[in-house]
Structures are given as C-alpha cells and as structure tokens.
Amino acid sequence: MRGIRIKEGQQMSYIQNTNQDRKEMLKTIGVSSLDELLEPVSSEFRVKGKLKLPEPMSEAEVVGRFERLAAGNNPASSMKSFLGGGIYDHIIPATVRYVLSRSEFYTSYTPYQAEVSQGTLQSIYEYQSMICGLTSMEVANASLYDGATALAESILMACSIKRKNKALVPAAIPKRMKDVLRTYVAGKNIIIEYIPFTEEGTLDVKELKEKLDSETAAVVLVQPNYFGVIEEAEEISAIVRESGALLISYVDPVSLAVLTPPGEYDSDIVVGEGQSLGLPQSFGGPLLGFIATKREFVRKSPGRLVSETVDIIGNKSYVMTLQTREQHIRRANATSNICTNEGLCALAAAVYLTTVGEDGFREVALQSAAKARTLYNMISGLPGCSIPFGDNFFQEFVLKLPVPADEFLNEARKRGVLAGISLGEDFPGLGDSAVLVAVTEKRSREDLQLYRDIVLRIGGGK
Amino acid sequence: MTGTIFDKGLHGRSGKYIPENDCPVDEALLPIQRKSSLGLPRIAEQGVIRHYMELASKNYHIDKGIYPLGSCTMKYNPVVNEEIARDNSFCGLHPAQDEADVQGALELIFNLQEALCEICGMDSFTLQPAAGAHGELTGIMIARDYFRERGEDRKFVIVPDSAHGTNPASVSTCGFTPVTLKSDERGMINPADLKEIISSETAVLMLTLPNTLGLFERDIGKIVKIAHDAGVLIYMDGANMNALMGIVQPGKIGIDIMHLNLHKTFSTPHGGGGPGSGPVGVREHLSAFLPIPGVVKKMDNFEFSWGSEKSIGKVHSYFGNFNVFVKAYAYICRLGAEGLREVSENAIINANYLMELVGRFYDVKYPGPCMHEFVASAVNLKEHGVSTLDVAKRLLDYGVHAPTVYFPLIVKEALMIEPVETEKKETLDSFAEIMEKISYEAANNPDLLHEAPVSTPVRRLDEAYAARNPDFRWHERK
Amino acid sequence: MEIEECLFTKEHEWVSIDGDVVTIGISEYAAGELGDIVFIELPEVGKKVKQMDPVGTIEAVKTVAELFSPVTGEIIEINEEVMDNPEIVNKDPYKEGWFMKIKMDNSSELDVLFSYEEYNDFLGEE
C-alpha cells in the first residue's frame, strides 16, 4: 500500500500543504489514505515503483543544468545574422519584455470571465486593430499558431466559403511550409497546385492564368515572396478577381509599412507570420500567426475574436464574440479546431507596435530595405557572384556564389556571420550555390562590409 | 486616463528605438508604395507602460489567487522557469542555424522527448504541436495515415459525450466523422455501449483520461480490449494528465496515441490564451508517422532526424513552441519522478477535499472518489431563479476566479472545479466558504447574484450586443 | 392563426397552416432556452426541401440551433426582417418572429406533429 511519502520540510514540487494538512483533508474526505482515493484505478494499471527520471534538483541545480545547456548554443541574436526566411533579427524595445514579464498577463487564462479579464481583452482588441491598420482589412482575429498554419487555415476557410476544393499556391515557398499545407488539407480532400516562378523570381502569371479554373477556391499571393522579390500584386489580384476565386495574401508585416497594404489590392484573406513584430527568434517558436479578412467572411474565419461592447451600466468594455464559430460550441462543425492560440505573442506585437509607433515602424522597414539595398550594391559586382532576381526586393534577396552555399555559410560562420539560408535543397533549380540573405535594421554598415569581405575572399579565392 | 491606446496616443510622439541609419540610400531606390497611414499610435515610453499597467490591473491571474478552472490545470508557474527561458542563448536562436550552434537546444528537445516518453509510457514523442487541440489534430492525422497505409477505409471516430469540443472539431478537420458515445449513469464509458457502436469502420476511440467529470474510467481494461480487438486505435486526450503522473503510464495500459498540454500539467503559463504546447506521444507501431523533424542523439551529438516516408508531414513552421519546452523541462528537472508523483497525489487529495466541502451545498451528480477535478452543479439553486452563470459572477465579487461553467455538457448547470496541487488547504477552505455563502445568498437574496459582479473593473457584459454588432477594430471618431 | 391552433414539432418549431402553405417559427420556450438570438441564417426562396431537412441556423451568444423543415415542399418566402434584427424572435416568437413560408407537397406529413396541448405536455416531460 502506498501512503503519502512526502518528506516534511523542503520539497521540490511547489506544494504548500504539509503532512498535517493532508492528514486533516483525508479525514474530512472520510478516507484513511490516498490509496482509497485511487481505488477506481485498478492496481494492474498502476505504475510499479518509480518513473525512470533524473533525481529532483534544487533551484540552483536546475539553473546550473540550464546554464550548461545554454552554453551549447551560439544564438543568432548575438552574431551578425543575415538569416531570415520568415524569422528575422529585429530590434526589440525593452518595453516588450517588461510587459510580457508581468504575471497579470502571462499567468492569466483565456479571458472566459470577461469582467476580470479586461486587460487581456482590451490588449487583443488593440492588437486586432493594429493588424487591421497594417493590412487595411476590416477584421483580424486574436492570433493563430504561426505563419504556416495561418496559411493552411486560410485555405480551409476559402474552400469552405467557395465550397470548392482547389487552391493555387506559389511554388516559391519553402518545403517546410508545403509540408504543413499538405498535412493540413489532406483531411478535407483539398488539392493544392503549385505555380512556378519566372526567371525574375516572380509568380508565373501565365501559368497562374492557365491553372485558374472554375474549381479554384483561392489563389495565394506571397508578398514579398520567399525570395524577397516584390510581386505585381495589383495585376495578380485582377486576374484572381476575374476568375471568381478568393485572393489570399501572405504578407510580411514589416513590409506593410512601405508596400501597398493587401486590403488596397482587394485581398479577401490576409495571413502571415508576426514574429518580426517584437518577438524573439526563439528557435522558431512560439511564433504569431495572424489572419485578417473582410467583414462579409468573418463567420467563416477561424479562432477567437474580441469585440468592443458595453456592460449593463454602459461602460465601454471588451468581450470574445461570435463564439458560435468555435469548437467549444459548434464542435465538429466549427470553423477550426483551434482553442489555445498565441495570446501572449499577440500582446508582444501590440506592445512593440505601440512602442516604436507609426514613425518608428516605418523607420524599421525603411532601414531594413535601405541596408539590404546597400549590401546588394556592395556585393552585386563582386567576381563570381550574381543576384539572379535583381533589385526588385524589400529586405531579402537571393545571392548566387561561385562556391557551394554550404561551404560559404561555414566559412562565414567561423567569422561570426550567419550569411543566409541555403536554398539548394528546397529549390534544386537554383543550383547548390544559392543563399537567401536577409538584412534588418539591426545590421550596421560594418556588418555589411564584413559580409562583403567574406564574399570577396571566398569568391576571389576561386 | 482610460481609453484605448489609440485614444491616448494617436497624436503624440514616440520614443526613438532604432539607431540612425548608417546606410542611407536614395528613397527613390527603395520600394515605397504605401501612401495610407498605418494607424499606429505615437506615444512616449511612460505612456506605453502606464497603458499596459492599467490593463494589467484589470486582469485576474494565478499570482493573485485560486484559478479553479476545470480541465485547465491553472497551477503555479515557477518564476525560475521564466528566468531561465528568457536567456538569450535560448530565445536568440534562429531555426535555420547550423546544428553545431544549437546543440544545447537540441539536447533539451531530446531530453524532453525522452522524459515525456517515460512519464506517459510511450515510445516516441513529437513536440511540434503548438497547443492541445493542435496535438489532437496531429494525433488523429497519425491515425488517418496509419489506416491509409494499411489500406483500411475507416471513417468514424468515437468520442464520448463528455469530451472537450476540440475533440470532435479535430476529428472532422482530419476528414473523419465523429460518433458520440453516451456516458452511462456512472459518468463513464460503458463497455457494452462501446461494443454496440464500434465497427470495422471505426478508426479511433478518442477518450479523455481521467474524463472531464474527473473520473478514471473504471473499465479501461475492457475498453482497450474491445477497441483493439476491432482494430481500432485509442487516442487519449491528456489534458488531465495532472492526475496520473507516476500513477498511470497511459502507453502501458494500451493507449496508442496521446497528447499532453505542457501549459497545464507541466506548469508553463497560459499567457492569457497561449502560447501553449501540445506534444504527441505514440507507441512503437505509430512512431514512423510522427511529424518531421524529431531530434535524435548520435554519439555525443544531437541532430534532427528527417524521419520516414510515412511521416504525416509537418504541423508547425519549425519545431514547435521551443520557449515553452524550456520551461516544461526545467519543471521536470526540478521535480524528478518523486516530485511529479507528489503533484498528482496532491492534485487528487485537493480535488476530493474540495468536492467534499462544496458537495455539502451543491449537487455532485457523480460522487467520488474523483481524480484531479470534479463537477458540481448549481441546479439546486434554480428554484431561487439562480443559474450557474450567476454563481460564477458572484465568485468574482468575492475576489476569486470562477470554475469552468456549463461544461461538460452532460451535467446541467455544471461547475467544473479543478483546485490543482499547488493550492493550500486554507485557500480551498476559503473557496468552499465562499461557495457556501453564495448558496445562502441564492436562497435569501438572489438579486445579489443576478447583479453580480459589482466589484470588478466592469459589470456584466452585453454579449448579445457584441454578437449582433461586433466591433473588431478601433476607428477614430471624428 | 392563434397560437393555440398551431402545430408543434419535437424540435420546438411551430407550424401554422393556411391552405397548402405553412409558416414556421420557433416556440417561446425554445427562444427562451436559446437566450438572446444574435444571428439567423435562412435558405433562399425557391429552395426545395424534404421533411426534416435542415433549413436554417439560429445562433444565440453561446448556442447554435438548427431549424428543420416539418414538411416537404418549396420555400416561397423568408422573413428578411428577422435576419436583420434577430432579437425580434425573442420579443415576439409567434408573430413578428416567423422564419419562412413553405408550400407543402403533402399535408399528411403534418399528422405526426403535436397539437398545442400535446406540445405543452411534451415540455412538461422534458
């Protein structure tokens, strides 16, 4: 028989009750031991002995253990990083970390009891408003998991609106995103067809026109696209509009400070990855999927929505609304199965955008673009290098080297530079020497010059 | 000053956070298309902080008091975990970095996978799903591809009527049709009923263990046998794993697939709705179907494994909510096997104790012993014209958070209460006293309940108004 | 037609008969159980329906109910007013709050419905 084996005094499990407390509680319950409470669990199903896990640790030991794990990492944020592809190394004001470290926010639950969750609810409302402002859309939700699943959800949503089961997606997205789309749509028998890219690195409009048929529910436009290239959004939108399909725009939120917002080229659904709005890179998670749409489609949209309302005495207040779309009410017929989302990440984005403000955010976009352009100018003429898709980019471009990409990236890494993402595996057509180079406002002229020197040394050596 | 951040700051000035540009470029060379305003505020730092502190003051949270939401496991979130996870060596990693530069992260992922396998008696785990429902989706996809690979056309997933709404929603997203299994008078799955509806077209039996009434399925042995005899996989929603650590290893009793919620059982914070993490564990016959990549150990090195042809693919842009893993693994390291068992034992004692106290004034349709939570009902207050919602709102007036209400659907006027192991006896006593007081108020002064809450930042909200005229974004009122 | 003369379904709909045209709404009891109705979705005029086909969705703040056709026939009119102002159904479920009129093919389908008294007994049992 198992009694309670907790040693009196210090413990590791954050439990406040003492042995005496437990004794009294068992007495009140009317049992003599914990074992009686476990009676429904037949002994044949119980763990015999102890789980095979490391021994408990004191707090100091845990900290030491994690210091050793941390020492095994060389974080990009401390290096000269030109890594992007969806996750970017932007400057994060201290306000973001400060607000997120407040337990009023991080230890609260989903705001089901609205009267004691106005802080969370209002911050989501403000976040939704900011996403609407950036995208020029009418409605944004409280968040989805990440950019890839937001794109998948948007395709499910479009297919449900149009009652059709085909979506056209640019081939110029990384394999990891294609894997997410494939996995997500398989259950609904949705067909995804990929539209190739041209020699300029843009969506092949001719192919798009050919593949667009009456069965197509939606076309996805990625802006700027995965190669950093700026697409002719208005032209693509017009083609899609004419076909009757919906236009889903997958956008980089920082680019929206300078590029035409997707609402202005009549996008029906806008999704994207919000990490660059004040979230650390965090090895790719947690991230922030955002989705915005037109008001007419809101009842088909996934996830939580917050609305302004009033309380019974007329005070302005905030509440989750249109919950009949969601799983806890509509169950099998819900617009999505999502429940827990990335609430705290949405708060981070709101604090970030509030802190840098209208002008600061524009400055982030302009500087990122200017620095990318500067690096482009520095390296485009170097021997053996080419920039196949030209200068029609926002903050990221494809660079072809005279040596295999992995060799170049390794050399750069030795000098503390993370020089980009190798593209050969996902896009064999680009050859094995192509890298995707991202430049943010965090890079200095000196960093760019170092990049140039590495390219020169490696290129020149051959 | 109250109001939105836009009311406060649309016409002010922001601080400077971006250094001077040392790479000026003629703006004509830059892709500047946008003419419209972004609609962002301009507000100096003190204004930003005051705004968010004002919002913070309007939130209930665990550090303030008991948060007895059933099936949500609102336990204390150890502060050391937050400190550890804030380390730049964890949150500054880019997911495309070379494996050599992320060995610590990969080791952490590997160790967490291993620890979860041991806790659950499973053979392999993926950490990719970003939340519990995301885990369900992943698990059901694994089942779908498993049957596809075997050439079996199975269409149905059996889900008990006490299940979370995410269960049927995840099932239908995967293309299966959910079939509802009615709970019996004990609030459990009756093997005879299961036999009745299970068939060669059933793919999965999806159950929650302990179930949402806080009950351990007494017939789990028979249930497993019936399912497996019919070639059906058993999925366990592990939202309630806080009852079972060190007591039952689900994989060892025949569960084929399960998910965990690191943001429930493993003490990582809920963040006002996320981020969570919903790892999925499977037994060996399903390991090949897990999403890619996993992390493996080769000699002293850790590397990604890009898995088998059979993998369902991916469910997340990268590897899942890594920063949440850091906190969950720190928790597991601190507690060890002994501590985790203490957690579940104390969760069970706390729940039974509170059930005994609350049960003196409220209906408890399915008497115990319960596991980590129980479901009471305010149905006995109906005669006074008082509903569960009124009780919940009155609790807020007493400065505590309400339980989960109107769930599970099979209990009328349900109050689903999960006290969790970290709450102290005195806190439970005082929560029970409040519940008692409210039951008297319901009989003697029901208007107190109808009008509640009166002491919260706002009064009861007009949800119908919001749903009829939803306002999702702020507009400047001219 | 007075409410006492209407027929009722187990799904808490009322049916009033005028020749071969039936008008459909939901009972006061159903409206009360749903609470504040916030959204109503109705099919298009001209749609052919079979008995027990779903013919609309009624959403309250935290519930969704489906409307089922009590008869086989063709939808000849819908109440646009309740779609714009769903609260009408709560205020006046038996008059202003009607949903649609259906031209029925076979009036014998009405035989299975409850009378007003039978419906009240049925509510007592529930």
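1. A salt bridge here is a side-chain nitrogen of Lys or Arg within 4 Å of a carboxyl oxygen of Asp or Glu. By that rule, the interface of chain A and chain B holds 10 salt bridges. One pairs D7(B) with K316(A), their closest N and O atoms being 4.0 Å apart.

2. A word on the ground rules before going on. This is a predicted model, in which local features need pLDDT of at least 70 and side-chain atom pairs count only at pLDDT 80 or more, while totals for chains, interfaces and linings use all residues. Residues are numbered from 1 along each chain as its sequence is written, chains are lettered from A and ligands numbered from 1 in the order in which they are written, and side-chain values use heavy atoms, with hydrogens and water left out.

3. Back to chains A and B. Contact (heavy atoms within 4.5 Å) brings together 194 residues of chain A and 197 residues of chain B. The two chains bury about 17,100 Å² between them, 60% of it on carbon and sulfur atoms; buried area is the accessible area (1.4 Å probe) that two parts lose on being put together, summed over both.

4. Between chain A and chain B there are 100 residue pairs in polar contact, both residues at pLDDT 80 or more. A polar contact is a pair of N or O atoms within 3.5 Å; within protein, one must be able to donate a hydrogen and the other to accept it, and residues adjacent in sequence count only if both atoms are side-chain atoms. On the side of chain A that touches chain B, helix 12 (residues 343–379) of chain A gives the most, with 25 residues; helices are DSSP runs of H or I, at least four residues, and strands are runs of E, at least two, numbered from the N terminus.

5. Now for chains C and A, where the contact takes 8 residues from chain C and 5 residues from chain A. Together they bury about 580 Å², with 53% of it on carbon and sulfur atoms. E59(C), K62(C) and V64(C) supply 64% of the area that chain C buries against chain A, more than any other three residues.

6. Which residue of chain A meets E59(C) in a salt bridge? The partner is R330(A), at 3.3 Å, N to O. The count between chain C and chain A is 2 salt bridges, alongside 3 residue pairs in polar contact. Strand 6 (residues 54–60) of chain C gives the largest share of the side of chain C that touches chain A, 3 residues.
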